[in-house]
Amino acid sequence: FRLANDSVDPVTFGPYCDYPIPEDLTRQFGVQSQMATAIYPWLGKPWLFTLHQCSAPRTWTGHETRLFSEISNRLSAGLSSLLFARNLQQSEAKLKTIFNAAGNISFVLFDVEENGTRISEFSPGAENIFGFKREDVVGQPVTILHPPGYVSIILTTLDKVEQERRGIVSHQKLVRKSGQSFAAKVILYPVFD
């Protein structure tokens with residue numbers, strides 16, 4: 001591992017190579033020669049990619065070493081994509097767990113567009129608090145959660161969040177599906193791009 005990690009090129013092992021084969025590999029697996037290189041995914045620690053020759057000792061040619069190096073570069077790119085996808089799935093699962101577990105906290109995600117703000121996600125806690133079902137509000141303007149006289153306050157608050165590019169806390173009046181208004185502490189946090 002250390003030799004491969006310290007080398008830019010693949011490292012060869014065997015009787016006619018850069019380094020001798022470790023006796024354990026020959027005794028346990030019958031390895032006669034091997035070529036190894038470190039693979040560096042864009043995320044996480046390096047991995048080791050090894051090619052063994054067990055039938056007889058060999059001298060690795062320059063062409064074989066270059067091919068092995070190119071294959072390791074492709075593996076690195078593929079491994080990076082796999083690790084990114086795995087981490088994204090894990091993060092999404094954690095976020096979804098938090099999102100769904102909070103029954104007395106409302107998470108409302110909405111997109112700010114030129115023609116208004118549209119709700120893109122509505123948590124189970126939001127369903128409990130507002131009385132709307134998720135499918136009834138996704139795609140609707142976020143202003144349906146506020147009394148009619150408060151629309152200008154919402155727009156001013158959104159402008160402030162966009163200009164300052166940070167979250168803010170405010171106290172606002174919100175409205176349930178039944179039409180009943182209530183006071184709430186609202187934390188707006190922007191997510192850019």
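**Exercise 1. Which residues have the most contacts inside the largest nonpolar core, and how many residues does that core have?**

Before you start: this is a predicted model, where local features need pLDDT of at least 70, side-chain atom pairs count only at pLDDT 80 or more, and totals for chains, interfaces and linings use all residues. Residues are numbered from 1 along each chain as its sequence is written, and side-chain values use heavy atoms, with hydrogens and water left out.

*Solution.* 
- Step 1: A nonpolar core is a set of buried Ala, Val, Leu, Ile, Met, Phe, Trp, Tyr and Cys residues joined through side-chain atoms within 4.5 Å. Buried means under 20% relative accessible area, exposed over 50%, partly exposed in between (1.4 Å probe, protein chains only).
- Step 2: read off the core. The largest one has 17 residues, and those with the most contacts inside it are Ile119, Phe122, Phe130, Phe132, Leu145, Leu174 and Leu188.
- Step 3: see who contributes. Two or more residues each come from strand E5 (116–122), helix H4 (124–130), helix H6 (151–164), strand E6 (168–175) and strand E7 (181–188). E7 gives the largest share, 4 residues. Helices (H or I, at least four residues) and strands (E, at least two) are DSSP runs, numbered from the N terminus.
- Step 4: look for another core. There's a second, separate one of 7 residues, with Ala4, Phe13, Ile21 and Val31 among them.

**Exercise 2. Describe the overall build of the chain.**

*Solution.* 
- Step 1: count the elements, and you get 6 helices and 7 strands. From the N terminus on, they run α-β-α-β-β-α-β-β-α-α-α-β-β.
- Step 2: check the dimensions. The C-alpha trace spans about 85 × 35 × 25 Å along its principal axes.
- Step 3: check burial. Of the 193 residues, 29% count as buried.
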